[in-house]
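Please walk me through this structure in plain terms, with the cut-offs behind each term.

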Amino acid sequence: MKIRTSEYFIREVFLSLRRNNWMSVASVGTVAVSLFIFGMFLMLVMNMNKMAESLESQVQINVYLEESVSREDARDIEKDLKEMQGVEKVNFVSKEDAMERFKERLGDQKTLLEALDDTNPLPDAFEVTITRPELVKTAAESIEKFDGVESAKYGQDVMEHLFEMTRLIRIFGFSLMLVLALATLFIISNTIRLTVFARRKEIAIMKYVGATDWFIRWPFVLEGMVLGLLGSLVAAVVLRTAYTGMAEKIYDTLAFFPLIPEQPFLTYITIVVVLSGMAVGAIGSAVSIKRFLKV
């Protein structure tokens with residue numbers, strides 16, 4: 001592309017933006033709001049996925065033994081557990097150790113256990129770590145069939161609810177993103193259409209003297225990209241500020257919450273938002289001018 005042609009395109013873009021300043025502001029605002037909501041749902045879904053992965057990686061099966069099982073029988077069960085496919089580690093937790101852990105969790109309220117006197121209702125147990133999360137359910141079902149095993153629990157209810165919530169957020173988020181993208185396309189295409197309509201005679205003359213469709217189209221496509229870029233930059237700045245503030249509050253109250261670190265996560269989000277804004281702007285412009293080029 002020649003330098004003189006590039007200068008012409010750039011000049012036309014800024015002249016058009018100045019002529020339709022209020023519609024341009026409306027387009028930038030629509031893009032900014034749409035991409036902000038898009039970015040918020042994107043960050044939410046990605047953090048929910050990270051939380052699910054973190055919980056999956058920490059999943060272990062708690063194997064509770066029947067009260068009648070002796071320590072010798074428990075060693076035999078431990079040996080069988082270690083020989084199972086997919087088992088990474090087996091840790092025996094005696095009923096006495098389990099009671100000590102329970103007292104530590106109760107903290108200042110451990111006096112509630114005084115009514116038990118010296119009775120310990122907790123069973124001996126094993127903590128079984130599995131190599132891959134997808135093997136947990138099958139392994140738990142197999143372990144429950146062992147002689148002397150009362151139950152094998154791995155928090156399946158919590159995990160299933162978490163995965164279901166993640167799935168619903170993902171579906172709702174992407175549906176809303178699609179609706180917002182269509183609304184943004186509509187606003188930008190209408191903004192460009194006003195410009196095209198005002199210059200329809202000029203466009204017709206350019207076609208008569210031999211100007212190609214792309215020569216006519218480029219200034220409008222660039223205008224849409226500029227509108228998308230401006231809106232996406234506003235959205236990106238607000239998203240970065242919101243995520244940083246949210247992360248600080250979460251870390252103050254939940255220090256070990258598996259939140260995605262700000263960098264390079266926010267850089268990736270900014271790139272996605274900016275590219276999405278420019279793409280939506282370009283597509284909206286291309287759609288709006290297509291009809292006029294056929295005349």
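The structure holds two aromatic pairs; rings of Phe, Tyr and Trp (its six-membered ring) pair if their centres lie within 6.5 Å, and planes under 30 degrees apart count as stacked, over 60 as edge-to-face and the rest as tilted. One of them joins Tyr243 and Phe265 in a tilted arrangement, with 5.3 Å centre to centre and 55° between the planes. Because Tyr243 lies in helix 8 and Phe265 in helix 9 (residues 262–293), the pair ties together parts that are 22 residues apart in sequence. Helices (H or I, at least four residues) and strands (E, at least two) are DSSP runs, numbered from the N terminus. Both Tyr243 and Phe265 are buried, where buried means under 20% relative accessible area, exposed over 50%, and partly exposed in between (1.4 Å probe, protein chains only).

This is a predicted model, in which local features need pLDDT of at least 70, side-chain atom pairs count only at pLDDT 80 or more, and totals for chains, interfaces and linings use all residues. Residues are numbered from 1 along each chain as its sequence is written, and side-chain values use heavy atoms, with hydrogens and water left out.

Helix 8 (residues 213–253) also contains Arg240. Arg240 counts as partly exposed because its relative accessibility is 30%. Apart from neighbours within four places in sequence, Arg240 is in contact (heavy atoms within 4.5 Å) with Gln263, Leu266, Thr267 and Thr270. The C-alpha atoms of Arg240 and Gly39 are separated by 9.8 Å, although the two are 201 residues apart along the chain.

In helix 5 (residues 136–143), the buried residues include Val136, Ala139, Ala140 and Ile143. These four lie on the same side of helix 5, because they cover an arc of only 100° around the axis, the arc being that of the directions from the helix axis to the C-beta atoms. Their cover includes strand 1 (60–65), helix 3 (71–82), strand 3 (125–130) and strand 4 (149–153).
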